[in-house]
Amino acid sequence: MKRDFLPDPALKSAKEALRRTMRERLREMTPALHAEASLVICQTAAHQAAFVQARCVALFAPLPPEPDVKLLIEEAWAEGKQVVLPLMIKHKTGPELDWHEVTDWDEVVLPGPFGLREPDPLRCPRIAATDIDCAFVPGLAFDHAGFRLGRGGGFYDYFLSRAPADLPRFGLMFDCQRVPEVPRETHDQALKLFITENKIWSVEGQEG
């Protein structure tokens, strides 16, 4: 049975309510648990075949409540991979992610939307999205169908909607961020795999 999508403003209200709930849930994590879970997530991600084989990996500079993926970024650098981080740009065509190669933490300096640190476009060369071999995506919540709740900008949904269908893409979140259902619109993009500290969640129902 096809799912009925919530209309605005009910949809917007439901998403904001879930964002508040997830922010509170993330605040309840102790620093020690956050660090330990982040390490497991990074180790699991680094062993995925898509990451191992990738030459260019798309990642993100994490906000404090998000899994600390700095170790995964540093592992990619150590393996000689090209690491690209997003610069959020509002174009007329939509909210786009411009990807820039980062080779050092000193290059991740600009305060972007939502308080994100972004690559300095004057120092970090722009990389075409078509060059990305593997993408890791953040979020506030995810559900059994593979849908994620972002921070409301629509940047990742727009990027994923235009990315090649065979681009390996993983959500990186804590297990406590899994919910029964994420409120969604027709333009929201689903992921097939989410890596948490406990397991790899698959929308096909297979758990790693």
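Trainee: What covers the buried residues of α1?

Mentor: The cover includes β8 (141-142) and β9 (148-149). Keep in mind that this is a predicted model.

Trainee: Which residues of α1 are buried?

Mentor: Leu11, Lys15, Leu18, Arg19, Met22 and Leu26. They sit on the same side of α1, because they cover an arc of only 110° around the axis.

Trainee: And what is exposed on the other side of α1?

Mentor: Arg20 and Arg27 are exposed there.

Trainee: How many Å should helix α1 span?

Mentor: Helix α1 covers residues 10-27, so 18 residues at 1.5 Å a residue should span 26 Å. The end C-alpha atoms are 26 Å apart, which agrees.

Trainee: New topic. At what angle do α2 and α4 cross?

Mentor: Roughly 35°. Helix α2 is residues 31-46, helix α4 is residues 70-78, and their axes come within 8 Å.

Trainee: Is that crossing right-handed or left-handed?

Mentor: The crossing of α2 and α4 is right-handed.

Trainee: Which residues meet there?

Mentor: From α2, Leu39, Cys42, Ala45 and Ala46. From α4, Leu71, Leu72 and Glu75. Six of the contact residues are nonpolar, none is polar and one is charged.

Trainee: What about Leu172, buried or exposed?

Mentor: Leu172 is in strand β10, residues 169-172. Its relative accessibility is 1%, and under 20% means buried, so Leu172 counts as buried.

Trainee: What is Leu172 in contact with, leaving aside neighbours within four places in sequence?

Mentor: Its contacts include Ile41, Ala45, Leu72, Phe136 and Ile195. Ala45 and Leu72 also take part where α2 meets α4.

Trainee: How far apart are Leu172 and Pro64?

Mentor: They are 108 residues apart in sequence. In space, C-alpha to C-alpha, Leu172 and Pro64 are 14 Å apart.

How values were computed: Residues are numbered from 1 along each chain as its sequence is written. This is a predicted model: local features need pLDDT of at least 70, side-chain atom pairs count only at pLDDT 80 or more; totals for chains, interfaces and linings use all residues. Side-chain values use heavy atoms; hydrogens and water are left out. Axes are lines fitted to C-alpha atoms, for helices over the stretch in contact, and angles run from 0 to 180 degrees between N-to-C directions. Helices (H or I, at least four residues) and strands (E, at least two) are DSSP runs, numbered from the N terminus. A crossing is left-handed if the near helix is turned anticlockwise from the far one by less than a right angle, and right-handed if clockwise. Contact means heavy atoms within 4.5 Å. Ala, Val, Leu, Ile, Met, Phe, Trp, Tyr, Cys and Pro count as nonpolar, Asp, Glu, Lys and Arg as charged, and the others, Gly among them, as polar. The expected span of a helix is 1.5 Å times one less than its number of residues. Buried means under 20% relative accessible area, exposed over 50%, partly exposed in between (1.4 Å probe, protein chains only). The arc is that of the directions from the helix axis to the C-beta atoms.
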